[in-house]
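The report below follows the sequence and the structure, which are shown next.

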Amino acid sequence: MYPASRVPHVEHALCVENATKMFRQHGTRNWLVRLRGATNGSKKRAPVVAVNNLSMHVQRGEIFGVLGPNGSGKSTLVRLIATLLIPDSGTITVFGHDVQREEMVVKRMINRVSVDAAFFKKLSPMENLLYAARLYGVNARQARQQALTILARLGIKERDVYMPLEDMSRGMQQKVAIARAFLSSPILLLLDEPTTGLDPRSKREVQAFVRELREKHEATILLTTHDMNEAEALCDRIAILDEGRIVALDTPAGLKRLVPQADGHEPTLEDVFMALTGKALVEDEE
Ligand SMILES: Nc1ncnc2c1ncn2[C@@H]1O[C@H](COP(=O)(O)OP(=O)(O)OP(=O)(O)O)[C@@H](O)[C@H]1O
Ligand SMILES: [Mg+2]
């Protein structure tokens with residue numbers, strides 16, 4: 001656990017300056033050729049610019065949302081911040097620490113929840129959580145008690161706390177990932193679609209945890225979601241991404257002002273999303 005007293009006194013929890021991340025695509029769609037590492041003489045596909053010269057600043061204690069269509073670069077952005085990917089250009093700092101030069105310092109300040117969370121699948125949720133607690137320097141007895149409380153609130157029954165993780169449903173495994181993140185009390189929590197696939201009660205409980213983490217532990221939270229209601233209910237500000245670029249960044253109310261009222265009704269966040277994203281795709285197809 002990163003002691004709150006050691007949180008650097010900088011204005012921004014997160015600064016992303018002109019970050020770009022490209023992925024080289026395989027030159028062929030033939031999986032057998034790809035597997036052999038050959039290109040089959042086919043033309044090289046253009047690299048995908050997943051994050052394109054993106055800049056944004058997240059304030060301390062903010063709950064900051066990132067919305068965008070599938071493939072718009074949200075998870076890539078989260079992975080860059082989490083030190084799991086190296087940007088091709090640009091800089092990213094977490095509480096003033098550079099993610100590339102001070103990777104280990106940054107790693108101790110953050111925790112990431114995503115659908116591809118890494119676990120020891122043969123071990124139980126409790127074993128996984130106690131292992132994580134140890135890494136983060138949380139006292140084992142305290143961690144066990146906290147883990148039980150968090151898992152119970154997320155609807156994991158006590159008998160399931162000790163069964164192998166690989167035997168649990170996808171949603172249950174995701175709850176364990178969420179429990180792990182809350183247990184370590186990160187000062188910057190990166191939540192990549194934390195509530196996708198969760199039942200409505202668990203969803204609400206995760207949202208309550210997010211608020212609690214900010215209020216009790218002064219954490220800063222970056223959250224991606226496809227649930228517009230969730231974004232509106234939780235986020236102080238929201239960035240909307242399209243093709244790796246930020247197309248709008250404002251409070252939920254500010255974003256809604258960008259779109260004209262339809263039939264006298266106030267636009268919803270979904271209207272904003274529809275108006276601002278997917279344009280390039282439609283133009284390409286024409
Ligand atoms: N490891 C990778 N190798 C090659 N291309 C990748 C890789 N990871 C992401 N991409 C590409 O980068 C782009 C952005 O992907 P990313 O996963 O960041 O999107 P996303 O906004 O998180 O989408 P979703 O809403 O579906 O989760 C996509 O075109 C994707 O194909
Ligand atoms: Mg994603």
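H5 is followed by glycine 155, whose phi is positive, near 85°. Helices (H or I, at least four residues) and strands (E, at least two) are DSSP runs, numbered from the N terminus. This is a predicted model, in which local features need pLDDT of at least 70 and side-chain atom pairs count only at pLDDT 80 or more, while totals for chains, interfaces and linings use all residues. Residues are numbered from 1 along each chain as its sequence is written, chains are lettered from A and ligands numbered from 1 in the order in which they are written, and side-chain values use heavy atoms, with hydrogens and water left out.

Helix H5 itself covers residues 140-153, and its 14 residues reach 20 Å from the first C-alpha to the last, close to the 20 Å expected at 1.5 Å a residue, where the expected span is 1.5 Å times one less than the number of residues. At its N-terminal end, H5 is capped by asparagine 139, a side-chain oxygen of which lies 3.0 Å from the backbone nitrogen of arginine 141. Such a polar contact is a pair of N or O atoms within 3.5 Å; within protein, one must be able to donate a hydrogen and the other to accept it, and residues adjacent in sequence count only if both atoms are side-chain atoms.

The buried residues of H5 are Ala143, Ala147, Ile150 and Leu151; buried means under 20% relative accessible area, exposed over 50% and partly exposed in between, with a 1.4 Å probe and protein chains only. These residues cover an arc of only 95° around the axis, which puts them on the same side of H5, the arc being that of the directions from the helix axis to the C-beta atoms. An α-helix has 3.6 residues a turn, so residues three or four places apart point the same way. What covers the buried residues of H5 includes helix H4 (125-135), helix H6 (170-183) and helix H7 (200-217), with contact meaning heavy atoms within 4.5 Å.

Turning to the sheets, 6 strands form an open sheet with mixed pairing in the order S6-S7-S8-S3-S9-S10, where two strands pair if DSSP finds at least two bridges between them. Strand S6 (110-113) and strand S10 (245-250) stand at the edges, each with a single partner strand, so one side of each is left without a neighbour in the sheet. H6 lies across S6 and S7, running at about 170° to S6; axes are lines fitted to C-alpha atoms, for helices over the stretch in contact, and angles run from 0 to 180 degrees between N-to-C directions.

In another open sheet, 4 strands pair in the antiparallel sense in the order S2-S1-S4-S5.

| Strands | Sense | Bridges |
|---|---|---|
| S3 (residues 63-67) and S8 (residues 220-224) | parallel | 4 bridges |
| S9 and S10 | antiparallel | 5 bridges |
| S1 (residues 12-23) and S2 | antiparallel | 8 bridges |

Within these pairs, glycine 65 stands opposite leucine 223 in S8, leucine 241 opposite isoleucine 246 in S10, and leucine 14 opposite valine 58 in S2.

Backbone angles also deserve a look. Most residues other than glycine have a negative phi, and most peptide bonds are trans. Asparagine 53, however, has a positive phi near 50°; asparagine 53 is placed in strand S2 (residues 48-59) and, at 46% relative accessibility, counts as partly exposed. Glutamate 193 has a positive phi of about 50° and lies in the loop between S7 and H7.
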